[in-house]
Amino acid sequence: MLRFPHDFLWGAATAAYQIEGAVDEDGRGESVWDRFSHTPGLVHEGHTGDIACDHYHRCEEDIELLARLGVGLYRFSTAWPRILPTGQGVPEPRGIAFYDRLVDRLLAKGIAPMVTLDHWDLPQALQDRGGWPARDTALRFAEYAQVMFQALGDRVRYWVTHNEPWMVAAIGHRLGLHAPGIRDFQASLRASHHLLLSHGLAVQALRATGSQTPIGIVLNLFHTDPATDSEADVEQAMASDGYTNRWYLDPLFRAVYPADTSALFQRVSGVMDFVRRGDLDTISAPMDFLGVNYYSPRIVRAAAPGEASEFGWVVEKPPADAPVTDGGWQISPEAFTSVLLRLNREYGPLPIFVTENGAICDDTVDDAGRVHDPARISYLAAHLRAAHGALGAGVDLRGYCVWSLLDNFEWADGFSKRFGIVYVDYPTQRRIPKSSFRFMSRVMAVGGLATEMEEQALRLAGPPV
Ligand code: FCB
């Protein structure tokens, strides 16, 4: 039996745009993801978050599921455009009321709310004024954060400023595959800086209220291996690590952008004049924990002469013999341990929450109406073992949230990719707890992992006990 610390927090995670639906209700404004998903050709089969899991109307049922699962922690996000429909000005009381009720219901069930203020759904009105590449958006975010601190600060147990700023900057502003669909490296660079700056401003704003509630940020960190041990591959793997990981970790924990990455970015884009005096002090305002989202490692090689590559590296597909999920993402619990150990070694010691971890499976409902997902159970069990190993090696790991409670709107993949431990039958909105739900509920109940549990869950298809 792998036992976790008695006060370890077990949780599940979701995000507003991925589950809520009700995009036109109670005064909610448009978000960049409404605009993006409604633009033809950008999301798988034109799917949108208009209805998603209809969580806005089924919130009570979903909290029942959380209680049945046995979580001590629920990580969800508040939708900025529900609170401030145009991104600023007078808060919408009906938007606040929804989260107010949600938080109270969670507390009534003994579940600690962990609230992410920005899980990518920037108000479109702020996008129209420049979005994250504009410094003003950082100031607006701090105001929004203050509204939330005032509304829910007496009951929220953990605040998270942003979810995965790298994704917003790189995938949203450089590759254009996520909202707002911009392809401009300079814009992406500016976005990354203003996301970080706004994080620091929000931390300062929380402290200014006198609140003791812990606050942190969530990063998606990649363990990056060179494809070979050639000097060129090793060098490019390091450069890519700067791009995805250190560009965020260093300013947050060391008040400085990594020199190698800054030099590379300036070579590619010319200017970094948007970093103002004092910004790095703001960004590195001490926070209470780091949230880590981990799914998969990256393998990087040096681009061949003449091969298209903006920075000099190419991210490789997983090796043919590597295990992958049904989504094609490489499975490597060892890389997960490495990420946690590295954080501890290079940036710690610091309290860490695993704020997301999970797997895509091609789930189907069988004739008996059940969803059996042994591959997800194996993935989760292996990563829990890895997390336990990190704890044993001295990492100050405080909790673990499975991604996700529900199947949901998986961004550009729409509803084609399922991550939930609860199956959502979208036409009827029926929720069907999968075998992995049964597995996780047993892990949570006993506070650890026993081999027999995993084996039993793998063998037994069926609804959770
Ligand atoms: C992360 C996102 C989350 C979800 C998972 C699969 O990058 O934070 O919303 O889409 O990936």
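**A helix pair and a buried strand**

Helix 8 and helix 9 are roughly antiparallel to each other. The model shown is predicted.

**Stop one: the helix pair**

Select residues 165-174 for helix 8 and residues 185-208 for helix 9. Two packed helices are described by the angle between their axes and the distance between the axes. Here the angle is about 160° and the axes lie 8 Å apart. Angles over 145 degrees count as roughly antiparallel, and helix 8 and helix 9 are therefore placed in that class. Their crossing is right-handed.

Next, show the side chains at the contact. From helix 8, pick Pro165, Val168, Ala169, Ala170, His173 and Arg174. These meet Phe185, Ala187, Ser188, Ala191, Ser192 and Leu195 of helix 9. By class, the contact residues of helix 8 and helix 9 comprise eight nonpolar, three polar and one charged.

**Stop two: strand 9**

Move to residues 298-302, which form strand 9. Is strand 9 largely enclosed or open, and why? Four of its five residues are buried, so the rest of the structure largely encloses strand 9.

Then select residues 313-315, strand 10. Strand 10 pairs with strand 9 in the antiparallel sense, again over three bridges. The pair to display here is Val300 and Val315, which stand opposite each other, Val315 being in strand 10.

Conventions. Residues are numbered from 1 along each chain as its sequence is written. This is a predicted model: local features need pLDDT of at least 70, side-chain atom pairs count only at pLDDT 80 or more; totals for chains, interfaces and linings use all residues. Side-chain values use heavy atoms; hydrogens and water are left out. Axes are lines fitted to C-alpha atoms, for helices over the stretch in contact, and angles run from 0 to 180 degrees between N-to-C directions. Helices (H or I, at least four residues) and strands (E, at least two) are DSSP runs, numbered from the N terminus. Angles under 35 degrees count as roughly parallel, over 145 as roughly antiparallel, 65 to 115 as roughly perpendicular and the rest as oblique. A crossing is left-handed if the near helix is turned anticlockwise from the far one by less than a right angle, and right-handed if clockwise. Contact means heavy atoms within 4.5 Å. Ala, Val, Leu, Ile, Met, Phe, Trp, Tyr, Cys and Pro count as nonpolar, Asp, Glu, Lys and Arg as charged, and the others, Gly among them, as polar. Buried means under 20% relative accessible area, exposed over 50%, partly exposed in between (1.4 Å probe, protein chains only). Two strands pair if DSSP finds at least two bridges between them.
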